[in-house]
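Please read this report alongside the sequence and the model.

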Amino acid sequence: MDCVKIAGRVYDVIVESITESFDITHSENAGRTISPGARMSLAPLGTFIGHEVTFRRVPGKESEYDELYTKLYQPRYNGIDIEIAHNQSTIAYEAYVSAGRRSLLRRDEKTGKTYWGEMTIKFTPMEAQVLPL
């Protein structure tokens, strides 16, 4: 099983880690009541399951790593399809990249080649994957 597919493609990079998170989002109708005890009134819109993925380059495959980074930092009006590890299988969803970062390891002055370390990307779903009961 491939851990991460981006726009239907598995990039030749190392998936160092995947952190899965979820947000249960509520409408503006949610809030505390004025009744004794101030019970919370909920108005769930759904659960958004997102991922933060840390990639590393495969030695000798720097162009593949750079291509992935360039693809992900490109702003777009529509999301990007991803398929990623979830529970014992995968989950597929349309996501937007809400943040990313990478660290410079070194620059070879003789060859002019730049070597990058880890790249961490945050994928946020475009719509809820789980709707309220």
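## The hairpin and its neighbour

Strand 6 and strand 7 form a hairpin with two residues between them, and Asn87 in the turn has a positive phi of about 50°. Strands here are DSSP runs (E, at least two residues), numbered from the N terminus. The model is predicted: local features need pLDDT of at least 70, side-chain atom pairs count only at pLDDT 80 or more, and totals for chains, interfaces and linings use all residues. Residues are numbered from 1 along each chain as its sequence is written, and side-chain values use heavy atoms, with hydrogens and water left out.

Strand 6 (residues 80–86) and strand 7 (residues 89–107) run antiparallel. Seven bridges join them; two strands pair if DSSP finds at least two bridges between them. Strand 1 (residues 4–6) is also antiparallel to strand 6, with three bridges. Glu83 is the strand 6 bridge partner of Lys5. Glu83 also stands opposite Ala92 in strand 7.

## His51

His51 sits in strand 5. His51 counts as buried because its relative accessibility is 2% (buried is under 20% relative accessible area, exposed over 50%, partly exposed in between; 1.4 Å probe, protein chains only).

## Positive phi

Most residues other than glycine have a negative phi. Ala38 has a positive phi, near 50°. Ala38 lies in the loop between strand 3 (31–32) and strand 4 (40–41). At 27% relative accessibility, Ala38 is partly exposed. Asn87, in the loop between strand 6 and strand 7, counts as exposed at 65%.

## The largest pocket

The largest pocket holds about 160 Å³ of space. On a 1 Å grid over the protein atoms alone, a pocket is an open set of points where a 1.4 Å probe fits, with protein on both sides within 12 Å along at least five of seven lines; lining residues have an atom within 4 Å of a point. Grid points are joined across faces, edges and corners, and the volume is the space filled by probe spheres set on the points.

Of the 14 lining residues, Ser21, Asp23, Gly50, Lys122 and Thr124 are the closest to the centre. Strand 2 (13–26), strand 5 (44–57) and strand 8 (114–125) each give two or more residues to the lining.

Definitions and conventions. Helix = DSSP H or I, 4+ residues; strand = E, 2+ residues; numbered from the N terminus.
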